[in-house]
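Please open the structure in your viewer and keep the selection tool at hand.

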Amino acid sequence: MGNALRFLYAHCSKPTAAGDSESLGPHGVSSANASVSALAHDLFHFDITSQVPEGLTKHVVSSKKAQANWYRKLINAWKEAKPPPKTPEEAARHVIKTLKRHQKADVEGLLAFYGLPLPHTLVEVTVQPPSSLPDGVLYEMHTLPIDPKAVADGDTITVYVSTADPRESAYVPGNVHSAAVRRSEARARRNFTEADAFHQQIIDSGYRVIALQNEEVLAKKYRIRLRGIDAPESAMPFGKEAKVELTKIVQGKPLRVLVYGEDRYGRCVGDIYCNGIFVQEMMLKKGLAWHYIAYDKRPELGTWEKQARAKRLGLWVSKNPEKPWEWRKDRREGA
């Protein structure tokens, strides 16, 4: 068996028991990584036993003999992939490309079985991160990897920037430096109560000590509002889906943020790039945000929204979904 499947299965979340209330598909996977791991696991298992997974027949139209043929093709293609698929989108494209001559119902059934994105939901991103700062950018920041809990909704993220960053290092308050040193000393004495008290002082000042690999990093906290888009509020239709999608894009990854200003809530308003992806483009093309034209006139944002509308993606399954700025206004006036 090739190393690609073995490595991926060993390093991704294992499938959970079928029937998990948060599962993405009938296979019973409960996270984006687990959906890819579930497919890798079944390919690995098929390579040893020549047995397709139980339950797949309920979701496809072809026979088990045909299913076995798919798995042989997928194994060969996965072994040849450099690098092998790691995200749900990459795995879905891998399946679609490998089985492009097979029936649409079979391909979509297989994708749904693993909780992978269906063909019509996949989008191509076209914007590349700028090599120099565009006009209007006040500054840029490079964040530490994003904790999924830091995603508030579909257009707001809390990020942390290391104080070792040249822009940050000159502005760290003396009391924060002092508390960080005293916290470290308290931990060395194993006085964790005292260390936690010093950490709370650091947090109250807008900083945090973050464990990163084998070291601790003192970092400044920022709240980022994605420039030019407005996602559904949490209590609105597709509010949860917008938050989940943004989390999938950024979790565990460092971000490049180009800051253009600050809103009335003290959030930095900026463009976000993640692993070469322009995040606002992805959210608009997935149909999980509006072009916030009142604050951003860039025509490409409107074009991406129209593309999602035409495909009836995300919130555009409704012909006239309520706009979040109108939803907020109604509740302010109601209050």
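What follows is a series of selections in a predicted model, each with a short account of what is found there.

**First stop.** Select Lys82 and Pro83. A cis peptide bond joins these two residues, with omega at about -5°. Proline 83 belongs to the loop between helix 3 (64–80) and helix 4.

**Second stop.** Select Lys73, Lys97, Lys100 and Arg101, which form a positive surface patch. Arginine 101 is located in the loop between helix 4 (88–98) and helix 5 (104–113). Its relative accessible area is 78%, so arginine 101 counts as exposed, the cut-off being over 50%.

**Third stop.** Strand 4 (residues 207–212) and strand 5 (residues 215–226) pair in the antiparallel sense over six bridges. Within this pairing, alanine 211 stands opposite glutamate 216 of strand 5. The two strands form a hairpin with two residues between them. Now select glutamine 213 in the turn: its phi is about 55°, a positive value in a residue other than glycine. Glutamine 213 is exposed, with a relative accessible area of 76%.

**Fourth stop.** Select asparagine 275, in the loop between strand 8 (268–274) and strand 9 (277–278). Here phi is positive, near 50°. Is asparagine 275 buried or exposed? With a relative accessible area of 60%, asparagine 275 is exposed.

**Final stop.** Select Glu322, Glu326, Asp330 and Glu333, which form a negative surface patch. Glutamate 333 lies in helix 12 (residues 324–334) and is exposed, its relative accessible area being 57%.

Definitions and conventions
Residues are numbered from 1 along each chain as its sequence is written. This is a predicted model: local features need pLDDT of at least 70, side-chain atom pairs count only at pLDDT 80 or more; totals for chains, interfaces and linings use all residues. Side-chain values use heavy atoms; hydrogens and water are left out. Patches are made of residues with over 30% relative accessible area and no salt bridge: like charges are joined within 9 Å, nonpolar side chains (Val, Leu, Ile, Met, Phe, Trp, Tyr) within 5 Å. Accessible areas come from the Shrake-Rupley method with a 1.4 Å probe; for residues, only the protein chains shown count as cover. A salt bridge is a side-chain nitrogen of Lys or Arg within 4 Å of a carboxyl oxygen of Asp or Glu. Lys and Arg count as positive and Asp and Glu as negative; His and the chain ends are not counted. The place of a charge is taken as NZ of Lys, CZ of Arg, CG of Asp or CD of Glu. Helices (H or I, at least four residues) and strands (E, at least two) are DSSP runs, numbered from the N terminus. Buried means under 20% relative accessible area, exposed over 50%, partly exposed in between (1.4 Å probe, protein chains only). Two strands pair if DSSP finds at least two bridges between them.
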